[in-house]
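Here is a short report for a first look at this structure. Start with the view below, then read on.

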Amino acid sequence: MRIMGIDPGSLCMGYGIIDDKEHPLGWGSIKVSSRLSLAERAGRFFSATTELIERVRVEAVAIEEVFYGKDVRALLKLAHCRGAVMASFALHNIPVYEYTPAEVKQAVVGYGRAEKEQVKLVIKQLLKIEGELSSDEADALAVALCHNQREGMRKAMRDASQP
């Protein structure tokens, strides 16, 4: 099974793909210009996500939930772009799972308030990634790992409850 993790943003979206054995299959980021209107940015993210879906066959997507900061306008822009990405997966009948940043950090680092650099370091170690990895890419891979762990626990619980 292939899982794509998404770290959404209004200017940069990180993505990472792993298999259910937690081998990294690819990662990257999609960037859009701040000069574009919000509608154009959302459209670019939608199109880029659609291209990714067609190029890399995934069975599930895990996306980080938005969290409230101090800037409501930035939050709304992020939410619109995130929605466009989610719509692309929905149109391709790929299930989307959502996790809070704290859930992701807890699953990967063991501490829900870990710093971005800690997440990046642990992801590189766990997935044996050498070379450069952006924070957006590391966060996306972390979301995918979080989902794989949660899905493994859900499966174990289903198996244990059956006679």
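Predicted model: local features only at pLDDT ≥ 70, side-chain atom pairs only at ≥ 80, totals over all residues.

**Where two helices cross**

Begin with helix α3 and helix α5. Their axes come within 9 Å. They cross at roughly 75°. An angle of 65 to 115 degrees counts as roughly perpendicular, and α3 and α5 are therefore roughly perpendicular to each other.

Which residues meet? From α3 come E103, V104, A107 and V108. On the α5 side are A142, V143, L145, C146, Q149 and R150. The residues of this contact divide into seven nonpolar, one polar and two charged.

Helix α4 has four names to note: V119, K120, V122 and I123 are its buried residues. What do they pack against? The buried residues of α4 pack against α3 and α5. Just after α4 comes K128, with a positive phi of about 55°.

| Helix | Residues |
|---|---|
| α3 | 101–108 |
| α4 | 116–126 |
| α5 | 135–161 |

**A loop residue**

Now turn to S10. Its loop runs between β1 (2–7) and β2 (12–19). Is S10 buried or exposed? Buried means under 20% relative accessible area. S10 has 17%, so S10 is buried.

What does S10 touch? Leaving out residues up to four places away in sequence, S10 touches V32, R41, F45, K77, L78 and C81.

Terms used
Residues numbered from 1 in each chain as written. Heavy atoms only, no water. Axes fitted to C-alpha atoms, helices over the stretch in contact; angles between N-to-C directions. Parallel < 35°, antiparallel > 145°, perpendicular 65-115°, else oblique. Contact = heavy atoms within 4.5 Å. Nonpolar A, V, L, I, M, F, W, Y, C, P; charged D, E, K, R; others polar. Buried < 20%, exposed > 50% of the residue type's maximum accessible area, 1.4 Å probe, protein only.
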